[in-house]
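Please look at the sequence and the fold together, and follow the chain from one pairing of side chains to the next.

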Amino acid sequence: MIKITLPDGSIREFEGAVTPLEVARSISEGLARNTISAVLNGTQVEITTPITGDATLQLLTWNDDLGKKAFWHSSAHLLAQAIMEFYPQAKLTIGPAIEQGFYYDVDFGDEVLSEKDFEKIEKKMLENAKKNTTFSLYPVSKADALKEYADNPYKTELITNLNDGEITFCTHDNFTDLCRGGHIPATGIVKAVKILNAAGAYWRGDEKNKQLTRVYGISFPKQKDLTEYLERLEEAKRRDHRKLGKELGIFAFSEKVGAGLPLWLPKGTALRKKLEEFLSAAQKKSGYEFVMTPHIGAKELYVTSGHWDKYGADSFQPIKTPNEGEEFMLKPMNCPHHCEIYKVGQWSYKDLPKRFAEFGTVYRYEQSGELHGLTRVRGFTQDDAHIFCTPDQLLAEFENVIDLTLYVFESLGFEDFVTQVSLRDPEKKEKYIGSDENWKKAEDAIVQAAKKKGLNYVIEYGEAAFYGPKLDFMVKDALGRRWQLGTIQVDYNLPERFDLWYTGSDGEKHRPVMIHRAPFGSMERFIAILLENTAGDFPLWLAPDQFIILPISEKYVDYAKKVSQLLENHDICGLIDERNEKTGKKIRDAEMQKLPFMLIVGENEEANITVSVRRRGQGDLGEMSIEDFINYFKKEATI
């Protein structure tokens, strides 16, 4: 008998070999109809894969993330098939599923794919999908695979790095591709497709390699799903932080300054400062001490920390000084500096935990093709802090940081997020530093804290930092894409590398545990997602300009200035519109600038020392005394 263990712990027994589809059918015909992929013993497989021994099995439908992954990966095959029918001289490279859809990187040679070609490719994909051909995965020897792709240097490179027994091809209809598997049963499940974009992409992400054309697409099992997605896409364009940042005067980029290095305009700077003040106040209550470190550090600092070994080749290169052999680096991380701050003092167990916080700017050389507004930049500011504690304090400190992060998210309306326990890849331990013992302690602590706090978390292997595992807070943007914002990390390794210690109750030296944490993650990415989630309608307490005074004629500008000063005295900040325009136009312009309050002043208001109040999205609130408006504002602006 073969025993199949399902995710709920139930076990189903079968006389002999069985497939995931047959397991699904044994549960219900409805489940069998909807099952499109499966995870067998931790590996995603087709639903026709034979199961010949006891196994764990997860059945996947379109509603599962991994189900969508199989659907979109299979759709990438349909895309490649259509491209080869129209461009037979093209050379295919790779075509994975991504978080929203799929892409295929193609070398079109002398031909150019443009937007006008998208429709014919979509039609061909659907035409081929309607044939309802099955995806067939089968093993191929390395010699035969190399022979098949003798004229394709990209596939040849991929095959060269594989061994016999690791190579499989996938065939559907008249199309075959090098592929590791994880497909839907047949092409007919794909009912709607859309080619979204075509952009340049270097082979293997290396600027030294040839630039290919990356064709992005998305597909769905129902036309209705595609229609809804395209509507969300239009809404996402309206909320795009790059568009809003320009319109609202939040940030800008300059070619002369450099790609990926944002310039914060006055309104954006005011926004950042308010966020910093908000978090600083919360941190102060939680016992953090504030520190500052330089933007550069001696190369040896990052050699000690391990950052040079892991990131040095792909980062900004060392800065040489007039002194022979002296080199500095732009700071890629704040943690080595904070380790050195800890070493300044001599601590006993009674002094711990020490919590050092800093809004520290760091620099990392992201590839130009990866840069994207504020979400991926080369210079960014982390709301960084490092906690040095005893092993006994670790769990409580970690839980306190979870509470702080959840407070930040709740205060700013970030409700659509998941938590991810990011562990090291057990098959590639060479990517990480530290002993197996320390990694196990760190990973166990994170899982224990996440369980105790009742977080709905997922585990991702291979996503840990090189020095320790993480608990990441993944927030969705307006298009449903997930971005890492808040992060909390447990680290036993840097305290060893920097020889950090404290005196224990036994009078002996002991090694502290280090917690890295950043509730915002980075100011840049946090503000990008905040812009998109709010569409620029920031919470009242956070708005860079909270009011605009609209004098109905130039005669009342002086009164407007008096009102403005009274409000500024109560830390309510705003503008005066002194333009010689009609009040209606001023109101429309203020609405476009997403200013929360419009205060209209004229003869009556000046005589009564009042303002006529309009609130964005609510309309006319009537005439108020200055004092009444201040009280109303403060009540509305509480966090």
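R482 is partly exposed, because its relative accessibility is 32%; buried means under 20% relative accessible area, exposed over 50%, and partly exposed in between, with a 1.4 Å probe and protein chains only. D65 has 53% relative accessibility and therefore counts as exposed. These two residues form a salt bridge, with their closest N and O atoms 3.8 Å apart. A salt bridge here is a side-chain nitrogen of Lys or Arg within 4 Å of a carboxyl oxygen of Asp or Glu. The pair links distant parts of the chain, since R482 is in strand β25 (residues 482–491) and D65 in helix α3 (residues 65–86), 417 residues apart. Helices (H or I, at least four residues) and strands (E, at least two) are DSSP runs, numbered from the N terminus.

This is a predicted model, in which local features need pLDDT of at least 70 and side-chain atom pairs count only at pLDDT 80 or more, while totals for chains, interfaces and linings use all residues. Residues are numbered from 1 along each chain as its sequence is written, and side-chain values use heavy atoms, leaving out hydrogens and water.

How many salt bridges does the rule give? The count comes to 41. Side chains of opposite charge can pair when their charged atoms come close. Another example is E289 with K354, at 3.0 Å from N to O. E289 is partly exposed at 37% relative accessibility, whereas K354 is buried at 11%.

K452 and E399 also meet in a salt bridge, at 3.6 Å from N to O. K452 belongs to helix α14 (residues 436–452) and E399 to helix α13 (residues 394–411), so parts 53 residues apart in sequence are tied together. Of this pair, K452 is exposed at 60% relative accessibility, and E399 is buried at 9%.

Helix α4 (residues 118–129) packs against α3 at an angle of about 115°, and the axes are 9 Å apart. Axes are lines fitted to C-alpha atoms, for helices over the stretch in contact, and angles run from 0 to 180 degrees between N-to-C directions. Residues of α3 including L78, L79, A82 and F86 meet residues of α4, among them I121, K124 and M125; contact means heavy atoms within 4.5 Å.

The next topic is the nonpolar interior. A nonpolar core is a set of buried Ala, Val, Leu, Ile, Met, Phe, Trp, Tyr and Cys residues joined through side-chain atoms within 4.5 Å. The largest such core has 75 residues, and F398, L412, L471, F520, F526, L599 and F629 have the most contacts inside it. Apart from this core lies another, of 38 residues, including W62, A80, L92 and I121. In soluble globular proteins, nonpolar side chains tend to be buried together. Setting aside neighbours within four places in sequence, L599 is in contact with residues including F547, I549, L567, V611 and F629.

G268 is found in helix α9 (residues 266–285) and is buried, at 0% relative accessibility. Not counting residues up to four places away in sequence, G268 touches G249 and I250. The C-alpha atoms of G268 and F251 are separated by 6.0 Å, although these residues are 17 apart along the chain.
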